[in-house]
Amino acid sequence: MKNDGLEFVGVTKSYGDQQVLNSLHLKVQRGEFLTLLGPSGSGKTTTLMIAAGLTEPSGGHVTLQGRDITHVPPHKRNIGVVFQNYALFPHRTALENIAYPLKVRGISREAMRRQAEEALGLVQLKGLGGRYPRELSGGQQQRVALARALVFEPSLVLMDEPLGALDKKLRLEMQIEIKRLHEELALTILYVTHDQEEALAMSDSIAVMRDGGIEQLDTPTVIYEHPKTEFVATFLGDTNILRGVVAGEGPTAQMMLGDGEGLPMVGIESHGLLKAGSAATAAVHCYKVLISSLDAPTSGRAIVVTGVVEETIYRGMWWLIGIRLASGQTIRGIRGEEQGAVPRAGERVVASWTVGDMKLLGMRD
Amino acid sequence: MRIGMILPSVLLLVLVIYIPLALLLLRSFTEGTDGAGLLSNYRDLLASEPILRSYLTSLRLAFATVVFVTLLGYPLAYWLAEMRARFSAGPMLLVTVPFWTSLTVSIFAFQLVLGRDGPINRFLLATGIVEEPAKLLFTSFSVVVGFVYIGLPLMVLPLYAAMRNIDRSLCLAAESLGATPSQAFRSVFLPLSLPGAVAGMTLVFITTVGYFIVPQLLGGKRENIKNKYILWTVRTGNDVPFAAAQTLGLLLVVVVVLAAVDRLVGLKRFWSRDI
């Protein structure tokens, strides 16, 4: 399939002997909302800056709508960028800020005014066009930055942690707002964040980045439910990682966490990793692990381990309970409010989950 | 606001500057030609062509200095501001040399450099640009050279501070929005650096319009700036009230010029800006 969006082909970037991007391949289809998710230093902002033309790659090619733009200067790319600090021009009003890209394109004064006003309405700031950035709240500044990056109908919109400086409530509001604009205007968006919730809520696809490369690229549900590596599983948070050694084969296969503490492996997605004696890493989401008292039934959940409560965290809908297993490994699970008294630290409890909720991860490290 | 903390400096200013100045200016009204009224000194002032011309000379030299200092100082400040902070300390020290060297020594150095047998004239002769030594010293040129030397740090320091405060991502944002690098500079960097430039220009103007030693030692007869006349009035005529009238005149000229600048570019708007 021909790519009419953005494509990175083997793009590398290094500063001195420090490699920031390691032969990156990435495709953003037209109309797609793709998020680069990763910790700081994983190369996501560098990727964005290379797409914008504000950083020169050390190698590889970047194409946009089939055109090689690797060496095209930023002002000829027609790409809208929303910066982390908004980068609004402090000496221009909100409307003048929004009109700026039109002004440098030599559009007539009248058309400029009309389009800028239109964009102002699009981000729901009608009537505030005459204010200077310092007279606007953080959320309003964010909207102006958004309107400015959209007003010239760019072929691609880049957003570098645009919601990082906002408080949680405003962040959720803007997430919905950006999502709405994405759909209404059929925008192609490359978005950068280190916030997993933001990435899950907004994206069509998520590329989890690590050390200048893409660890896994897929839809939010696949990334969340079926992380390919331990890094992806832990970065998305709330995931238990268990390590052990495979014992036995076929229907009797077990993953031994420690002496006498084995998890049955029957029916697990194994990808051929299940060989007796090999080390195994398994992941299971906290929300799939049920913590219950020793005598409670665990019917339907094939994996059952016992442990000692170490911590209890109230999360509103449920309690998140961390327990230490006999092998010394820890695991977190949930306990619904309807299940009676919350176990206290030091108490012995049972953690149980189904085989289907546990994933065997690739052997890294 | 702790009044007590600013009291010593206010007291010093009032006792040493404001009261003596007020007394002096008062004399310009009370002690004039007998029976000619309060404004007699000012009438004399407006009637004297050489005195009026000396005002113009002061303004002309100060304006020329502001122009040259701005043209030289802007690129210099830009270069310093673009540098990493830890590397700019050295060049910055060089820029501020005029602040911590004896002015008299520097000015005598200028006399040597610009003189008939100075290195500049020798170079001009050697390269055949001129056939006789050019008269550089004791001209408006040499005065402006001296002024520029003094004024450059006054321009570069506020300008550098203003430029350092400009968020560099603004220029990148402008380019990503479709502006060429030179468009981005003109529409974003330049206007944001203007407050610093105006502050520098004001400082340079105020300093040079009232400077005495430089025109005295580097200027000729034509560089009769206002202050020379004031001193001359005191020394030869011992006419302190008339000198005081001339002083107030200069003060008024400076205030008028600053007010005009304020109107044109809005100094207050720049200075009260919270960016």
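A residue is called buried if 20 or more other C-beta atoms lie within 10 Å of its own, exposed if 12 or fewer do, and partly exposed in between, with C-beta atoms placed from the backbone. In helix H4 of chain A, the buried residues are A:Gln141, A:Gln142, A:Arg143, A:Val144, A:Ala145, A:Leu146, A:Ala147, A:Arg148, A:Ala149 and A:Leu150. This is a predicted model, in which local features need pLDDT of at least 70 and side-chain atom pairs count only at pLDDT 80 or more, while totals for chains, interfaces and linings use all residues. Residues are numbered from 1 along each chain as its sequence is written, and chains are lettered from A and ligands numbered from 1 in the order in which they are written.

**Helices**

- Helices (H or I, at least four residues) and strands (E, at least two) are DSSP runs, numbered from the N terminus.
- Helix H4 of chain A, residues 138–150, reaches 19 Å from its first C-alpha to its last, close to the 18 Å expected at 1.5 Å a residue, where the expected span is 1.5 Å times one less than the number of residues.
- H4(A) is mostly covered, with ten of its 13 residues buried, and these buried residues pack against E6, H2, helix H3 (109–122), strand E7 (156–160) and helix H5 (168–184) of chain A.
- Helix H7 of chain B, residues 140–164, reaches 34 Å, close to the expected 36 Å, and is likewise mostly covered, since 20 of its 25 residues are buried.
- H7(B) bends by about 35 degrees at B:Gly151, with the proline B:Pro153 following within four residues; the bend is the angle between axes fitted to the seven residues ending there and the seven starting there.

**A hairpin in chain A**

- Strands E16 (residues 303–314) and E17 (residues 318–325) of chain A pair in the antiparallel sense over seven bridges, pairing being assigned if DSSP finds at least two bridges between two strands.
- A:Val309 stands opposite A:Ile323 in E17(A), and among the three residues between the strands, A:Gly316 takes a positive phi near 85 degrees.

**Domains and chain contact**

- Chain A is divided into domain 1 (6–232) and domain 2 (238–361), with bounds from an automatic or database domain assignment, and 40 Å separate their centres, taken over C-alpha atoms.
- Four residues of domain 1 are in contact with five residues of domain 2 in chain A, contact meaning that the C-beta atoms of two residues, placed from the backbone, lie within 7 Å.
- Between the chains, the contact takes 19 residues from chain A and 17 residues from chain B, and strand E6 (79–82) and helix H2 (94–103) of chain A each supply at least two residues of the chain A side.
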